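This briefing is meant for a reader meeting the structure for the first time.

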Amino acid sequence: MLLGSRSSSLLQQRAQILDQLATLLAAGIPLQRSLGMVKLPRNGQWGQLLQQASRSIDGGETLAAAIAANQPQSRLMPPYFDVWTLGVLRLAETSGALAAGCRQLAIAALQERDRRRLETAIGRSLLALVIGGLTLGLLLLTWSTAFVMQTGFWIVVITVGLGFSWVWQQAYYGPLRATLTPYLRQWPVLKSLWEAQACLYLSELATPLRCGIPILAGLDLMRRHVPDPEWAKTLTLMIHGVRSGRSLSHILAGRMPELALQLIRTGEEAGALDEMLTKLGEYGQERLAMTLRQVETLLRPVGILAIGGTVAITAIQLFTGTIQQLPD
């Protein structure tokens, strides 16, 4: 859960940097000067990164290459600029639409920040439910609160908490995602989450399209960036289909919600695919937020029940102990 909080903060900072850079570039200020004029976040190594990137650009590097070569590398922190962001920056700079690319990436970073915050809230609710259920189960088994004062109990709680956080991160963002997705998608709520996530994945294509990047280049970049292996396969099919002259709505039939297909079809017919993909992202964001809030609403009473049961049993034991200590 801590990693999720750090990631949200980093996305917020990235959005601030990119938004300012987009404004400065759109005003006609050269890239190197724009990097020096950006107001930096208080935390992080942004100042050092931008200074080093500016020097690399002075040596003939592109913005994306300069950032990739100079950004700090840490296993405990996500990169300041991920592969997708760097890829879009590279293509946008090549096509002469760097300002537009920075603006779109800033918007995308804020949207991802909001999603991460929701996901972190759900993870914390699940963690509280697991620990509350563990404590309540021990109370029911032993009918005693003495274990709460024992070091072993807290070691178990900390171990469970850290283990759960690791599994959550691996299942949502890491290698366990590919293993668990086919099973978890059988549940209606989780299927709804997956469909919302698919809409958000596809909506990212709007960013390269608005930067003047060809659709095939955008799809190839998405395929290399997307964390879901099954969605990566879908993107491969989309690339082959577009090369053979088929429309996206035809390629994705049966693989996306019907509303998503309608939006894509409308965008293709009207020549405004990027706008429809943006609306698709808004739809996916709303659906994801609504589903996550529903999950949180379901989890909260269960967590309250577990905590309430623990408090009730503890109160009964204290009351019983007090009565037994009274003189006859």
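In this predicted model, a search of the whole structure finds three aromatic pairs.

**The aromatic cluster**

- The rings of Trp46 and Phe81 have their centres 5.6 Å apart, and because their planes stand at 85 degrees, which is over 60, the pair is edge-to-face.
- Since Trp46 belongs to helix 3 while Phe81 belongs to the loop between helix 4 and helix 5, this pair ties together parts of the chain that are 35 residues apart in sequence.
- Trp46 has a relative accessible area of 0% and is buried, and Tyr80, at 8% relative accessibility, counts as buried because that value is under 20%.
- Phe81 is buried, as Trp46 is, and ring pairs link Trp46, Tyr80 and Phe81 into a cluster.

- Gln71 lies in the loop between helix 4 and helix 5, and with a relative accessibility of 8% Gln71 counts as buried.
- A polar atom of the Gln71 side chain lies 2.8 Å from the backbone nitrogen of Phe81.
- When neighbours within four places in sequence are left aside, Gln71 is in contact with Tyr80 and Phe81, as well as with Leu49, Pro79 and Leu86.

**Helix 4 and helix 5**

- How do the axes of helix 4 and helix 5 cross? They come within 8 Å and cross at roughly 150 degrees, and the two helices are therefore roughly antiparallel to each other, as the angle is over 145 degrees.
- On the helix 4 side of this packing are Leu63, Ala64, Ile67 and Ala68, which meet Leu86, Leu89, Arg90 and Glu93 on the helix 5 side.
- Ala65, another residue to look at in this part of the model, lies in helix 4 and counts as partly exposed at 26% relative accessibility.
- Although Ala65 and Arg90 are 25 residues apart in sequence, their C-alpha atoms are 7.7 Å apart in space.

**Thr85 in helix 5**

- Thr85 lies in helix 5, and its relative accessibility of 3% makes Thr85 count as buried.
- The side chains of Thr85 and Arg14 are joined by a polar contact of 3.4 Å.
- With neighbours within four places in sequence set aside, Thr85 is in contact with Arg14, Leu18 and Leu105.

**Helix 11 and helix 12**

- The axes of helix 11 (residues 215–225) and helix 12 (residues 229–243) come within 9 Å and cross at roughly 165 degrees, which means that helix 11 is roughly antiparallel to helix 12.
- The crossing of helix 11 and helix 12 is left-handed.
- The residues of helix 11 that meet helix 12 are Ile215, Leu216, Leu219, Asp220, Met222 and Arg223, and facing them in helix 12 are Ala232, Leu235, Thr236, Met238, Ile239, Val242 and Arg243.

- Leu277 touches Leu202, Ser203, Leu205, Ala206, Leu209 and Ile264, when residues up to four places away in sequence are not counted.
- Leu277 and Cys199 are separated by 78 residues in sequence, yet their C-alpha atoms are 8.7 Å apart in space.

**The chain as a whole**

- The chain has 15 helices and zero strands, and of its 328 residues, 45% count as buried.
- Among contacts between residues at least 6 apart in sequence, 65% join residues at least 24 apart.

How values were computed: Residues are numbered from 1 along each chain as its sequence is written. This is a predicted model: local features need pLDDT of at least 70, side-chain atom pairs count only at pLDDT 80 or more; totals for chains, interfaces and linings use all residues. Side-chain values use heavy atoms; hydrogens and water are left out. Rings of Phe, Tyr and Trp (its six-membered ring) pair if their centres lie within 6.5 Å; planes under 30 degrees apart count as stacked, over 60 as edge-to-face and the rest as tilted. Buried means under 20% relative accessible area, exposed over 50%, partly exposed in between (1.4 Å probe, protein chains only). Helices (H or I, at least four residues) and strands (E, at least two) are DSSP runs, numbered from the N terminus. A polar contact is a pair of N or O atoms within 3.5 Å; within protein, one must be able to donate a hydrogen and the other to accept it, and residues adjacent in sequence count only if both atoms are side-chain atoms. Contact means heavy atoms within 4.5 Å. Axes are lines fitted to C-alpha atoms, for helices over the stretch in contact, and angles run from 0 to 180 degrees between N-to-C directions. Angles under 35 degrees count as roughly parallel, over 145 as roughly antiparallel, 65 to 115 as roughly perpendicular and the rest as oblique. A crossing is left-handed if the near helix is turned anticlockwise from the far one by less than a right angle, and right-handed if clockwise.
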